[in-house]
2 protein chains.
Amino acid sequence: MSIKRYSVAVAGATGAVGNEMISILEEREFPVTEIKLLASDRSEGKKLEFGGKDITVTKTDSNSFNGIDIALFSAGADRSKEFASLAVKAGAIVIDNSSAFRMAPEVPLVVPEVNPHAIARHKGIIANPNCSTIQMVVALKPIHDAVRIKRIVVSTYQSVSGTGKEAIEELSQETRDIFNCREVKCQVYPHQIAFNCLPQIDTFEENRYTKEEMKMVNETRKILEDDTIAITATAVRVPVFYGHSESVNIETEKKLTADEARELLSNASGVKVVDNIDALEYPLAVKAASKDEVFVGRIREDESIEKGLNLWIVSDNIRKGAALNAIQIAEILIGV
Amino acid sequence: MSIKRYSVAVAGATGAVGNEMISILEEREFPVTEIKLLASDRSEGKKLEFGGKDITVTKTDSNSFNGIDIALFSAGADRSKEFASLAVKAGAIVIDNSSAFRMAPEVPLVVPEVNPHAIARHKGIIANPNCSTIQMVVALKPIHDAVRIKRIVVSTYQSVSGTGKEAIEELSQETRDIFNCREVKCQVYPHQIAFNCLPQIDTFEENRYTKEEMKMVNETRKILEDDTIAITATAVRVPVFYGHSESVNIETEKKLTADEARELLSNASGVKVVDNIDALEYPLAVKAASKDEVFVGRIREDESIEKGLNLWIVSDNIRKGAALNAIQIAEILIGV
């Protein structure tokens with residue numbers, strides 16, 4: 001019996017996440033019959049390798065999705081709004097990495113380790129959560145199931161790759177400019193990112209929180225299917241290329257000791273506990289880069305409240321935080 | 001009438017903080033009659049400039065403090081333990097930047113904007129708090145006075161200069177090695193600091209917190225003279241040269257709106273509010289470097305609790321976090 005194979009389109013194929021999606025499709029031997037690499041006019045004609053062949057990138061237009069089974073979108077919210085429904089009409093199932101549809105009630109927002117069951121109720125579009133949310137909920141889900149999380153206070157340490165390729169280049173260029181005593185020119189970020197921390201990710205909302213911070217609040221509640229969890233977030237960009245780190249403080253309904261949390265997380269899907277402080281081992285962005293797991297360490301009881309824990313959660317924001325999560329959703333869709 | 005002038009010794013004169021102490025004594029025209037620059041054997045004979053003259057660094061020994069009025073120590077806890085009481089016996093008042101005496105009940109732990117009154121009860125030694133604590137309490141004191149702080153959850157983004165000169169060199173060297181495809185060698189830190197975040201500052205304690213994290217807990221309570229404040233901290237080293245940033249979440253007894261907090265902090269001693277999000281202005285480590293103030297921004301109500309605030313607090317860890325704070329103490333001592 002032959003395996004069923006699928007026509008897959010990657011919209012935003014030339015971006016940091018699109019590139020990674022293509023690699024992961026290959027790595028995980030996703031049963032692809034045909035792949036279509038889509039991007040904006042600017043990248044039309046560029047060639048990218050897939051399965052040992054050069055594939056020409058084509059411009060995304062209203063006909064791009066004819067014959068496509070699965071469309072992986074990572075080209076920004078505007079592109080998703082413009083093309084996702086067209087793709088669905090053409091018969092594709094869309095897995096969208098942008099923020100366009102995440103909070104739409106009819107669109108499942110899915111992290112496979114957390115709420116795979118939500119996939120079943122899709123109406124053509126499934127949303128991939130924000131990178132900083134994904135890694136946090138993978139680590140918190142087993143704890144929430146065991147002792148119910150009442151409140152989360154999170155501060156992030158997010159890498160520039162979350163912004164995209166041009167931000168990776170900006171950190172690199174600024175760093176070289178500083179070492180060569182040249183003036184630093186900021187184009188992607190409003191301020192110097194090299195050797196600095198920017199307490200702003202995305203734009204500001206009415207309540208003075210950034211969009212990124214409110215994504216962590218709202219998406220976490222939707223994915224954990226619990227609107228009673230109180231969450232406050234501070235999202236910070238740091239001069240790191242790959243890998244987001246998060247300092248997460250939680251208050252739980254029932255007491256969970258640090259040892260119990262370590263035990264629980266050691267058996268959790270998609271999680272790797274790195275918490276051997278005697279050997280000075282804890283999760284690190286540079287070690288998480290190009291890995292699939294969400295790494296959790298510095299697990300300790302919060303002595304300032306009766307039932308609380310502190311955790312340090314690190315993951316590759318481009319892989320688990322975006323591309324891998326999307327392809328895991330696709331794998332569930334096709335029943336792999 | 002002539003101003004009284006003082007013999008001042010700087011122990012640890014060749015270190016990052018010692019250097020800054022010398023500059024600040026000059027900048028603020030501290031009434032120095034004679035300055036003695038002390039260091040370890042290694043730096044003996046080195047020359048440093050003060051008041052337009054080259055001063056030869058001498059080795060710290062039991063006779064170093066004869067005739068000294070004020071001894072500024074910044075040579076590590078072991079040196080302070082070895083020499084501080086000798087200096088006091090020789091008649092000097094010691095202002096110690098190390099952790100050696102900070103928690104000793106008979107030693108005042110002082111931040112001039114917060115608890116200057118504590119200086120009066122000194123018995124020869126006055127301790128300068130840890131850098132990450134100083135900037136936090138300067139910002140929190142006016143809030144604590146107004147609405148009482150019940151709980152603090154803080155995550156830090158600390159620069160390498162807090163470790164010392166050799167750490168500044170390590171970040172610089174690692175960065176250059178990475179750009180030149182050379183292997184990264186870690187000597188000061190246990191892991192790569194360039195383009196990475198290290199969730200460890202100082203060594204680990206029994207309760208799995210680091211010494212730095214517990215300093216923030218214990219020193220904050222001592223300086224604010226309130227043992228009822230619940231505090232939990234996560235201290236993280238980031239690839240920044242100068243300036244510590246802190247994401248601080250507080251819960252208060254009485255409600256304080258973000259507008260009220262901004263107003264309160266705008267009038268607070270040693271604080272500068274930078275919180276114009278429409279112009280994308282907020283405190284930044286690179287802008288705080290070589291400034292005296294503690295910068296506070298991203299002031300917003302924490303929507304996860306009834307009475308809470310989030311703050312982003314940044315300061316130059318070598319100046320206000322160490323050298324400047326010590327010299328401000330000395331100024332109070334001599335009644336400037």
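This is a predicted model: local features need pLDDT of at least 70, side-chain atom pairs count only at pLDDT 80 or more; totals for chains, interfaces and linings use all residues.
Hi everyone, let me start with one residue, R148 of chain A. R148(A) is partly exposed, because 16 other C-beta atoms lie within 10 Å of its own, and a residue counts as buried only at 20 or more and as exposed at 12 or fewer. R148(A) sits in the loop between α3 (131-147) and β9 of chain A.

For chain A the mean pLDDT is 97, and 99% of the residues reach 70 or more. For the complex, the predictor gives an ipTM of 0.96 and a pTM of 0.97.

Let me stay with backbone angles for a moment and move to chain B. C181(B) is another residue that is not a glycine and has a positive phi of about 55 degrees. You will find C181(B) in the loop between α4 (165-179) and α5 (211-224) of chain B. Is C181(B) buried or exposed? C181(B) is exposed, because its count is 6 other C-beta atoms within 10 Å, and 12 or fewer is the cut-off for that label.

A glycine comes up too, in a hairpin. Strands β3 (residues 47-50) and β4 (residues 53-56) of chain B pair in the antiparallel sense, over four bridges. Within that pairing, L48(B) has I55(B) in β4(B) as its bridge partner. Two residues lie between β3(B) and β4(B) in this hairpin, and G51(B) in the turn has a positive phi of about 55 degrees.

Now for the sheet, beginning with chain A. Six strands make an open sheet with mixed pairing, and their order is β10-β9-β11-β14-β13-β12 (chain A). At the edges are β10 (230-234) and β12 (271-273) of chain A, each of which pairs on one side only. From one strand to the next, the twist averages 25 degrees. As a reminder, strands of a sheet pair through backbone hydrogen bonds, either parallel or antiparallel. Take the β12 end of chain A: β12(A) pairs with β13 (residues 294-301) of chain A in the parallel sense, over three bridges. There, V273(A) has V296(A) in β13(A) as its bridge partner.

And the helices on this sheet? Helix α6 (residues 258-266) of chain A packs on the sheet and touches β12, β13 and β14 (308-315) of chain A. The direction of α6(A) makes about 165 degrees with that of β13(A). Helix α5 (residues 211-224) of chain A lies across β9 (149-157) and β10 of chain A, and α5(A) runs at about 155 degrees to β10(A).

Over to the sheet in chain B. The open sheet here has six strands in the order β10-β9-β11-β14-β13-β12 (chain B), with mixed pairing. Because β10 (230-234) and β12 (271-273) of chain B each have a single partner strand, one side of each is left without a neighbour in the sheet. In chain B, α5(B) lies across β9 and β10, at about 155 degrees to β10(B).

Let me zoom in on one position in this sheet, I152(B), which lies in strand β9 (residues 149-157) of chain B. I152(B) is buried, because 23 other C-beta atoms lie within 10 Å and the cut-off is 20 or more. Which residues does I152(B) contact, leaving aside neighbours within four places in sequence? They are I229(B), I231(B), V248(B) and I250(B). Of these, I231(B) is 79 residues away from I152(B) along the chain, yet their C-alpha atoms are separated by 4.7 Å.

Finally, how do the two chains come together? A rotation of 180 degrees, with 0.0 Å of shift along its axis, superposes chain A on chain B with an RMSD of 0.0 Å. The two copies are therefore related as by a two-fold rotation axis. In the interface, 46 residues of chain A are in contact with 46 residues of chain B. On the chain A side, elements supplying at least two residues each include β9, α4 (165-179), β10 and β11 (244-252). That side divides into 25 nonpolar, 14 polar and seven charged residues. Why can we say that the copies meet through the same surface? Because 100% of the interface residues of chain A are also interface residues in chain B.

Notes
Residues are numbered from 1 along each chain as its sequence is written. Chains are lettered from A and ligands numbered from 1 in the order in which they are written. pLDDT is the predictor's confidence in each residue, from 0 to 100. Two residues are in contact if their C-beta atoms, placed from the backbone, lie within 7 Å. Copies are superposed by least squares on the C-alpha atoms of residues with pLDDT of at least 70 in both. Two strands pair if DSSP finds at least two bridges between them. Axes are lines fitted to C-alpha atoms, for helices over the stretch in contact, and angles run from 0 to 180 degrees between N-to-C directions. Ala, Val, Leu, Ile, Met, Phe, Trp, Tyr, Cys and Pro count as nonpolar, Asp, Glu, Lys and Arg as charged, and the others, Gly among them, as polar.
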